[in-house]
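I opened this chain to take a few notes. I wanted the fold first, then some local detail. Here is what I looked up.

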Amino acid sequence: MTETNAPTVQGVPGQREGTPGQATMGGGTSLVTDRGRTTISEDVVAKISGVAAREISGVHDFGTGPARAMGALKGRLGAENGVTRGISVEVGERQAAVDIDLVVDYGVAIPDLASAVRDNVISAVGQMCGLEVTEVNVTVDDVYLPSQEGGAGSGEGARVR
């Protein structure tokens, strides 16, 4: 018996587009098939979102003031750097929504930065998880000023010594 050359879903052998019971996601992969269901946890989507957002130039940090203070304390105690700090997600069977609290570098155009973060998160989550990202809400909580580094009079980061 010869198999026809019907299109496959993103190169997945034997998985044809439009197979009954199959939901094709933005990345072209299927999370619900006749053979079972794939569930992706909120932590996974939050980590992917955090890494994707960090790739954008002008993003300095994540989280609200208290969350950043807690993160700094945890860092001093040797805890893992929180990739998901400032990021919350809701994940359904086929869709995800992402909320990101971030700190931007001074001088960056915030609307352009938010758009770039949004686009990169949607792309990364779609490609890696196969989820349709319905929204990425970006909240800018602070602006990082280079003079904030090291504190006044410490000599660190000074232009003239």
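I started with a side chain: a polar atom of Arg85 sits 3.0 Å from the backbone oxygen of Phe62. I keep in mind that this is a predicted model. I then placed Arg85 in the sequence. It lies in the loop between helix H2 (65-76) and strand S7 (87-91). Is Arg85 buried or exposed? Its relative accessibility is 16%, so Arg85 counts as buried, the cut-off being under 20%.

Next I looked at the whole chain. I found 3 helices and 9 strands. Along the sequence they run β-β-β-β-β-α-β-α-β-β-α-β. Of the 161 residues, 30% are buried. I also checked contacts with a separation of 6 or more: 63% of them join residues 24 or more positions apart. The accessible surface is about 10200 Å², and carbon and sulfur atoms hold 50% of that.

Then I turned to helix H3, residues 110-129. I checked its length. Its 20 residues should span 28 Å at 1.5 Å a residue, and the end C-alpha atoms are 27 Å apart, which agrees.

Which residues of H3 are buried? I listed Leu113, Ala114, Val117, Val121, Ala124, Val125, Gly126 and Cys129. In an α-helix, residues three or four places apart point the same way, because there are 3.6 residues a turn.

What do the buried residues of H3 pack against? I noted strand S4 (30-33), helix H1 (42-54), strand S6 (59-62), strand S8 (95-105) and strand S9 (132-144). Last, I looked just past the end of H3. Gly130 has a positive phi of about 75° there.

Conventions. Residues are numbered from 1 along each chain as its sequence is written. This is a predicted model: local features need pLDDT of at least 70, side-chain atom pairs count only at pLDDT 80 or more; totals for chains, interfaces and linings use all residues. Side-chain values use heavy atoms; hydrogens and water are left out. Helices (H or I, at least four residues) and strands (E, at least two) are DSSP runs, numbered from the N terminus. Buried means under 20% relative accessible area, exposed over 50%, partly exposed in between (1.4 Å probe, protein chains only). Contact means heavy atoms within 4.5 Å. Accessible areas come from the Shrake-Rupley method with a 1.4 Å probe; for residues, only the protein chains shown count as cover. A polar contact is a pair of N or O atoms within 3.5 Å; within protein, one must be able to donate a hydrogen and the other to accept it, and residues adjacent in sequence count only if both atoms are side-chain atoms. The expected span of a helix is 1.5 Å times one less than its number of residues.
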